[in-house]
Each structure stands twice: as structure tokens, then as C-alpha cells.
Amino acid sequence: MFSHLSNLKKASLFFGLVMALDLALVFFLHRAAPQAEIVVLLHMLTPLLAALIMLFVVTRDGLRGNGRFPLGLARSGRQAWGIALLLPLPILAVSYGLAWLSGAAAFVAPAESGWLPDLLINLVINLLIITLFVVSEEVGFRGYLLPRLRPLGDTKAVLLAGFLHGVWHLPLILLTPFYLAEGNPWLTIPLFLLLLTAAGVIYGTLRLATGSLWPATILHAAFNLFLGLFTSFTVMGSPLAIYLVGESGVLTLAATAVAAFWMVRRWPAINEPGLAGFADKSEAVTPVNPLSTGMK
């Protein structure tokens with residue numbers, strides 16, 4: 001339909017489409033089937049649907065078979081799976097640990113005996129389940145959108161993709177009681193958008209450095225999983241605690257921002273061959289091993 005659009009125009013059309021789909025879904029489905037799980041899960045599928053519509057209906061890039069629309073699914077990126085799985089732990093341990101030490105929240109361990117083996121089994125099962133849904137978000141925002149934002153430069157691209165990922169949540173936040181419902185929205189929403197932007201830098205850097213969508217997907221799923229775990233071990237002792245930890249927490253934001261800065265310095269986003277077609281034409285395309293300056 002539109003075969004000669006620039007990458008930035010494709011990115012703009014994608015974001016307009018995913019927001020329209022999300023608004024329609026949240027507005028109508030919330031009234032037809034108010035179960036939180038149904039609305040939230042279908043909401044998570046809209047980026048995948050928007051990417052497929054762009055590829056096979058709007059631009060038809062997906063029908064040309066010329067490799068100009070890499071979504072990052074073909075490469076495993078397995079060299080980054082370890083850090084993707086474990087990085088959320090220090091981020092959340094620091095943020096929640098500081099909240100526990102401040103007295104605004106308290107750590108509460110499970111009381112029943114033999115809880116640790118059950119916890120580990122549930123973590124593995126839940127990680128697999130969460131990954132199945134999170135990959136839809138990542139296909140849209142880091143698979144389709146991020147490469148088409150690269151003419152802006154990699155730093156701006158990962159920041160903008162992360163911010164737009166946060167904005168995509170706003171219909172669910174503002175039009176339903178199912179997400180980020182606690183606290184003053186004038187505080188929680190800006191903090192949430194900043195957190196998603198900082199997290200998006202980490203996801204995006206892994207995506208560009210490895211040429212694979214899977215490390216970003218695993219990290220995203222692990223962050224959601226461990227966030228739920230730390231929340232389950234925490235009792236809020238003060239109304240202010242909601243602004244310290246969780247998805248609207250200053251401490252979570254600060255720890256994530258530090259990790260994002262470390263990630264950018266340690267895992268530089270490069271113009272690797274699989275994404276070269278989306279880079280600024282003025283940039284030199286140099287195949288580099290993304291692990292040569294990173295973690296072993």
C-alpha cells in the first residue's frame with residue numbers, strides 16, 4: 001500500500017496504529033468483559049498485531065522477502081541471556097532493600113515450611129508464561145519500532161522507543177482500574193514513564209548490540225517476574241512507599257537508570273549487519289563482536 005515510506009514515517013505510522021488498537025481494545029473490551037486478566041493480556045498483544053499490519057498490509061515489507069524488516073527473532077542472542085535474566089535482581093534488591101531500611105516498607109518472608117522449592121518451580125513456570133506475552137510487546141517496540149528510529153541515532157532511538165512503550169500503557173492506566181491504580185496519578189504516571197524510558201535503554205541496547213530480540217524479551221519478562229516476587233515479600237508501612245518502589249517508585253527508577261548507564265557503556269549499541277539497513281546512512285557499518293567490550 002505504502003511501499004516507499006521512510007523508516008521514520010513507518011515508525012510514526014506504527015505508533016499511531018498501536019495506540020489506536022489499544023484505545024479501541026481498552027475502551028470496548030473493558031465494558032464487554034471487565035475481567036482484568038483478559039483486558040491486560042489482550043492489551044499486551046496489540047504491538048504484535050500492529051507490527052504485522054504494518055509489515056503485511058500497510059507497507060507490505062513482509063511480502064518482499066528482501067530482509068529489510070529484521071524483527072530480531074531469528075537470532076538467539078544466547079550470549080546475553082544470562083545477564084538478561086539476572087540484571088533485574090540487583091536493580092530490585094537495591095531499590096527494595098533501601099525501602100526496607102528506610103522503614104517505609106518491611107520485608108516479610110513466607111511463613112510456611114518448604115516454601116523455597118515451590119517458589120523456584122513457580123518462578124520458572126511463570127517466567128515461561130510471562131515471556132510468551134512479553135515477546136509480543138518486544139516484537140512491536142524493539143523488533144519493529146526501534147530499528148526504524150535509528151536514523152535519529154542509537155541513543156535517541158533507544159530512549160524514544162522506551163518512552164513510547166510507556167505511553168502505550170496510558171490507555172490501560174487512564175481508562176481502567178487494572179493497572180497502576182494506586183497513588184496520585186500526577187506522580188505515578190511521570191515516574192512510570194521515566195522508568196519505562198530507562199528500562200527501554202537497557203532493552204534497546206541489548207537488541208542493537210546482539211541483533212536479537214530474545215535478550216530484551218528475557219530481561220523484560222525477568223523484570224516483571226522479579227518485581228512481582230519482591231512485591232510479594234514487601235509490606236508497605238507508609239503511603240509514601242508506593243512512590244519509592246514498584247513501577248512508580250523513585251528508588252526503582254534510580255537503580256534502573258544507573259543500570260541503563262552501565263549497560264550503554266558496557267554493551268555499546270553497534271551497527272551490526274542485521275540492522276545496517278536502518279542506520280543513518282552517514283554512519284559507518286562496522287561488524288563488531290558486541291561482547292568484545294562486555295560481560296563474558
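**Figure 1. Contact between helices α5 and α8 in the predicted model**. In this predicted model, E138, R142, G143, L146 and P147 of α5 meet G200, Y203, G204, R207 and L208 of α8. The residues in this contact comprise four nonpolar, three polar and three charged ones. Helix α8 spans residues 185-210, and its axis lies 11 Å from that of α5, at an angle of about 65 degrees. The two helices, α5 and α8, are therefore roughly perpendicular to each other. Their crossing, that of α5 and α8, is right-handed.

**Figure 2. The salt bridge between R142 and E138 within helix α5**. Both residues, R142 and E138, belong to α5 and are four residues apart, about one turn of the helix. The closest N and O atoms of the R142-E138 pair are 2.9 Å apart. R142 is buried, because its relative accessible area is 0%. E138 likewise counts as buried, at 0% relative accessibility.

**Figure 3. The salt bridge between D154 and R150**. The side chains of D154 and R150 are joined by a salt bridge with an N to O distance of 2.7 Å. D154 has a relative accessibility of 15%; because buried means under 20%, D154 counts as buried. R150 is also classed as buried, with a relative accessibility of 0%. The count of salt bridges in the model comes to two: the pair shown here, D154 with R150, and that of R142 with E138.

**Figure 4. Packing of helix α5 against helix α9**. Helix α5 covers residues 115-149 and helix α9 residues 214-232; their axes come within 8 Å and cross at roughly 130 degrees. Helices α5 and α9 are therefore oblique to each other. The crossing of α5 and α9 is right-handed. By class, 12 of the residues in the contact of α5 with α9 are nonpolar, five are polar and two are charged.

**Figure 5. Packing of helix α8 against helix α10**. Helix α10 comprises residues 250-266, and the axes of α8 and α10 come within 9 Å, crossing at roughly 25 degrees. Helices α8 and α10 are therefore roughly parallel to each other. The crossing of α8 past α10 is left-handed. From α8, the residues L191, L194, L195, A198, A199, V201, I202, T205 and L206 meet V250, T252, L253, T256, A257, A259, A260, M263 and V264 of α10. The contact of α8 with α10 holds 15 nonpolar residues, three polar residues and no charged residues.

**Figure 6. E37 in helix α2 and its separation from F178**. E37 is located in helix α2, which spans residues 36-58. With a relative accessibility of 56%, E37 counts as exposed. Although E37 and F178 are 141 residues apart along the chain, their C-alpha atoms are separated by 8.5 Å.

Terms used: Residues are numbered from 1 along each chain as its sequence is written. This is a predicted model: local features need pLDDT of at least 70, side-chain atom pairs count only at pLDDT 80 or more; totals for chains, interfaces and linings use all residues. Side-chain values use heavy atoms; hydrogens and water are left out. Axes are lines fitted to C-alpha atoms, for helices over the stretch in contact, and angles run from 0 to 180 degrees between N-to-C directions. Angles under 35 degrees count as roughly parallel, over 145 as roughly antiparallel, 65 to 115 as roughly perpendicular and the rest as oblique. A crossing is left-handed if the near helix is turned anticlockwise from the far one by less than a right angle, and right-handed if clockwise. Ala, Val, Leu, Ile, Met, Phe, Trp, Tyr, Cys and Pro count as nonpolar, Asp, Glu, Lys and Arg as charged, and the others, Gly among them, as polar. Buried means under 20% relative accessible area, exposed over 50%, partly exposed in between (1.4 Å probe, protein chains only). Contact means heavy atoms within 4.5 Å. A salt bridge is a side-chain nitrogen of Lys or Arg within 4 Å of a carboxyl oxygen of Asp or Glu.
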